[in-house]
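Q: I am new to this structure and would like a short tour. Could we start with the interior?

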Amino acid sequence: PGEMREKERSEVDERSTHSIATTEPSSPRAYSPPAASQKPLSASTGLTQSTLLGAAEGSRGVVGGGKMPKWMVVRDALCKAAQDGDKFCELYGDIIANQSSVERFLQSSKGNVDKAVRDMKAYFKWRHEYRVDGIVDEDFSDLKARQEVYWGGVDKNGVPTLTWILRKHDANNQRPERFVRFFIHQIEIGMRASPNYPNTTFNIMVDLDSVGLHNNDTEMGSHLQPLLVNNYPKVRKALLVFPINWLASLLWDTLLKPILSTLQPDIEDKIIPLRGDFQAALRERFSPDELEVAFGGTQTLAAMRPPQPLPYKRVPCS
């Protein structure tokens, strides 16, 4: 039995390479697509309840008077829910077993175990019903051609950057629901280009140059905000906003800040408004070949290779 359990643990580690990872930042453009011989995580080979709970027994340790670490408490509660018939928890055994994923939800719930369990249950339900697992394969070529939301370069710490050119947003000529789905599509493509998925961290760069009131889209914001706050906690590193003027400040307060603040509650400590010579400020954070010419670098957008998402298939508890 000991040898069999050890074999099970080894198989779990091998199957969960893509999901059970650290939160160290890494660039979507730093990884090549997997070789043909590399198999994605197989949804047909499940993580058993005994494997997950057995792993817990072997790794709990003693902290604070013998109490189990909170992330393990959350994990075990989710495993129990799957065992009791929660079909959404049952689908995502790889994320349940992922310490970094569980700890992100714990941090966003301020350490409240019960809330973290509820939030992760809702997250799994959303992933399934919103069809997130297959969203990177959907066709948004029309929206991509507008070059409004796209992955740019990486900063000097290797953190990838999602760029949003707000002046290109036309609230009158697109359905809010479809743009929101496109936004999630872009986030997922960049995050899955890292083996740290679903814990890939990233910057957001918001270009407010030449924005007008016609770019303000509160209906889109009301759709996007709850999806970000509920399903992507603690993944944003820095929020770079430029240039800053009175109109940009107005749009920031009414549209962007309510949306993007949901990615991280302590957004006030992370916002980096670039006043004055914003290009010089960006060059302090990015190498010139990781910045577009319009942002003070040497790279053209056409020359930037889009991130290549690694294959992901959920590993269910079964």
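Q: Which residues touch the most other members of the largest nonpolar core?
A: Among its 58 residues, Val74, Phe124 and Ile184 do. A nonpolar core is a set of buried Ala, Val, Leu, Ile, Met, Phe, Trp, Tyr and Cys residues joined through side-chain atoms within 4.5 Å. Buried means under 20% relative accessible area, with a 1.4 Å probe and protein chains only.

Q: Which helix gives the most to this core?
A: Helix α9 does, with 8 residues. Helices are DSSP runs (H or I, at least four residues), numbered from the N terminus.

Q: What kind of model is this?
A: The model is predicted: local features need pLDDT of at least 70, side-chain atom pairs count only at pLDDT 80 or more, and totals for chains, interfaces and linings use all residues. Residues are numbered from 1 along each chain as its sequence is written, and side-chain values use heavy atoms, leaving out hydrogens and water.

Q: Back to Val74: what does it touch?
A: Not counting residues up to four places away in sequence, Val74 touches Val102, Leu106, Val113, Ala116, Val117 and Met120. Contact means heavy atoms within 4.5 Å.

Q: Which residues of α6 are buried?
A: In α6 (residues 99-108), they are Ser100, Ser101, Val102, Arg104, Phe105 and Leu106. These pack against α3 (70-83), α5 (93-96), α7 (113-129) and α10 (218-231).

Q: And what comes just after α6?
A: Lys110 takes a positive phi of about 60° there.

Q: New topic: is Glu188 buried or exposed?
A: Glu188, in helix α9 (residues 176-192), is buried, with a relative accessible area of 1%.

Key
Buried means under 20% relative accessible area, exposed over 50%, partly exposed in between (1.4 Å probe, protein chains only). Helices (H or I, at least four residues) and strands (E, at least two) are DSSP runs, numbered from the N terminus.
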